[in-house]
Amino acid sequence: MILPRLALRNLLGAGLKTWLNVVVLSFSFVVIIWSQGLYKGMGDQARVAQTDAEFGGGQYWQEKYDPFDPLTLQDAHAAIPESLQTKIEKGEAAPILISQATIYPEGRLQTILMKGIDPAQSVVNLPTRFLDQENEDLPVLIGTRMAKNTGLKIGDTVTVRWRDVQGTFDARDAKIVQIMKTNVPTVDQAQIWVPLDKLQALTRMENEASLVILAQDTREFPQTSGWIHKDMDFLLKDINTLVKTKQVGGSIIYIILLALAMLAIFNTQVLSIFRRRKEMGTLMSLGMTRGKIIQLFTMEGAMHSVLAAVVAAIYGIPLLLSFAKKGWAMPQAMDDYGIALGEVLFPVYGTGLVIGTTVLILLVTTIVSFLPTRKIAKLKPTDALRGKMT
Amino acid sequence: MDNSYLIKTDELVKIFPMGKSKITALNHVNLQFKKAEFSGLVGPSGSGKTTLLNIVGSLDSPTEGSATVMGRKIEDLSHKQGAELRNRHIGFIFQTFNLLPVYTVFENVEFPLLLLGLSAQERKKKVMKALEWVQLADRVKSKPAQLSGGESQRVAIARAVVKEPKIILADEPTANLDAENSHNILRTLEKINRELETTFIFATHDEKVIRYLRRKITLIDGKVARDEVFENPVGKGEGQ
Ligand SMILES: Nc1ncnc2c1ncn2[C@@H]1O[C@H](COP(=O)(O)OP(=O)(O)OP(=O)(O)O)[C@@H](O)[C@H]1O
Ligand SMILES: [Mg+2]
């Protein structure tokens, strides 16, 4: 149909005003795609990091295990079931035993979790091989956050105190053999990693574990009594919710930007419908119906978004790509988000995001452009020709 | 329905509500126009000339009575059917030219053909022909703002003529033009009338226009006061 062509001509004919609207709208385009891409990248990065370091391909939890309730930890251990044991022997799973403990760095008291892991495991990406030290009584691996909080350094010795299976206190000097740098706070903060067999012996929980991490390519999940399979959806739920919350919070900026652009376009439409009545009358005299004129004016307004998409592409693509490549350096405080974020965030712009944003903006612009045109529906040709509004 | 008439009005009445009172702009008008007439409505300001043209052009509808144009009853046409009638069969020429400012001369003239859905090739042929009629073939790329009043009106004429309509309605086409431009345009319109057998109805005060008319209908207070026919109109003023 000819309407899009005419609409484009009219729009370009309006000159500077059009380009002002278009530029403002193009900002919305770029900011929406950039910020949503950033959140997407944040989520992806956190999911990958946490999957790598902690979740693996899903976990089995001893039925009493609840990471959010330290009081039950004492009872959250049991012998590893047969079906999981087979996986562990094949290197497709890694058991973790967790015990509450207290350490005394520099004479202060700190309650922590003591986590036992097989030094030879390769199921999660943690440098557990450093725990493989025959001549150390109790080698310990900690993360950088933990090291910072406690002031512990490699080679330091720290007293660890725990209760064994009967509830009897026991204590030992442990040696920091390695400090690992990780993006994942949940394998770092307020915890120490020790060899599984040592922890099992110290707590007298031989062959027991609190949870079992599966390898990432695990496809089969055997039924086990007393152990509950936690799939990735469950494990990643917190990250997904958090990213969503951040996304909603972050959208306020671009909703404001979009609202500004829409206001400008709405204003332009109202003005142009007010000013161009004679033109509408002429179009009617030439045989255009009111319906077609409404379409033409709506399209004119809506086409702001098409031009904005083009303009946004011109400066936005190089800009966004360079962000995607160089990343966005996160301030240190971002660690408090509580999810695994690297120091540099890499935005991810999916086709869905780009298409979704374009459709959203096109839709909103069309609605905003259409609203003022409804006045035309009641316009009499004679009044229009006289430059009068009915 | 009488087919020998292109346009026919029967007891045509147009009343405009004016606050609490009413204005009778047309008061039982009975007129017929045949093919290739070169006629004009004259009369004092407010006598109903424009109102009559608007109804014949399906831009407005009668309050009472009937107006039949090309076999269609204006009062029965939907908005869409009215638009269709204008698009196919009626060309308008306005006092204020009413060109579309963002389009070039070519595009302004092309516009009705776009609405008719003609191919680009046909459009170009017809537009150039129409622009040759008004001697503006060399100004195709100009914008309306770059044209003089006379040139603008010639573009408007080309736009009205380009689809070769049966009827052209011209409301005060020369009111914004000087004498030379007025004559120039009237000669062009007369030529179009002769060669294409287009029916013209003018509404005018302008003596220059009246001298060209072959039929002069005088309206007074919305009524037809006189309806005169001249055999050799241009000669009438200049030859004697
Ligand atoms: N839309 C309208 N609303 C109210 N009154 C109108 C309207 N259009 C025309 N009139 C009135 O109808 C009467 C006839 O108007 P019309 O425009 O047809 O006169 P005209 O003969 O064309 O006059 P002029 O020579 O000044 O152009 C006038 O009294 C005018 O005020
Ligand atoms: Mg008039």
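Start in chain A by selecting Glu54, Tyr65, Pro67, Phe68 and Thr186: of the 38 residues lining the second largest pocket, A:Glu54, A:Tyr65, A:Pro67, A:Phe68 and A:Thr186 lie nearest its centre. Bear in mind that this is a predicted model, where local features need pLDDT of at least 70, side-chain atom pairs count only at pLDDT 80 or more, and totals for chains, interfaces and linings use all residues. Residues are numbered from 1 along each chain as its sequence is written, chains are lettered from A in the order in which they are written, and side-chain values use heavy atoms, without hydrogens and water.

The second largest pocket has a volume of about 810 Å³. Its lining divides into 25 nonpolar, seven polar and six charged residues. Colour domain 1 (2-52 + 238-385) and domain 2 (59-230) of chain A, and you'll see that each gives the lining at least three residues.

Next, select A:Thr382, A:Arg386, B:Phe16, B:Asn54 and B:Asp60, which lie nearest the centre of the largest pocket, lined by 48 residues. The volume here is about 1300 Å³. The lining splits into 16 nonpolar, 18 polar and 14 charged residues.

Last stop: helix α10 of chain A, residues 351-373. At 1.5 Å a residue (times one less than the number of residues), its 23 residues should span 33 Å, and the end C-alpha atoms are 33 Å apart, so the two agree. Now pick out its buried residues (under 20% relative accessible area, 1.4 Å probe, protein chains only), among them A:Leu353, A:Ile361 and A:Val368.

Definitions and conventions:
Helix = DSSP H or I, 4+ residues; strand = E, 2+ residues; numbered from the N terminus. Buried < 20%, exposed > 50% of the residue type's maximum accessible area, 1.4 Å probe, protein only. 1 Å grid on protein atoms, 1.4 Å probe; cavity = no way out; pocket = protein on both sides within 12 Å on 5 of 7 lines; lining within 4 Å. Points joined across faces, edges and corners; volume = space filled by probe spheres on them. Nonpolar A, V, L, I, M, F, W, Y, C, P; charged D, E, K, R; others polar. Domains from an automatic or database assignment.
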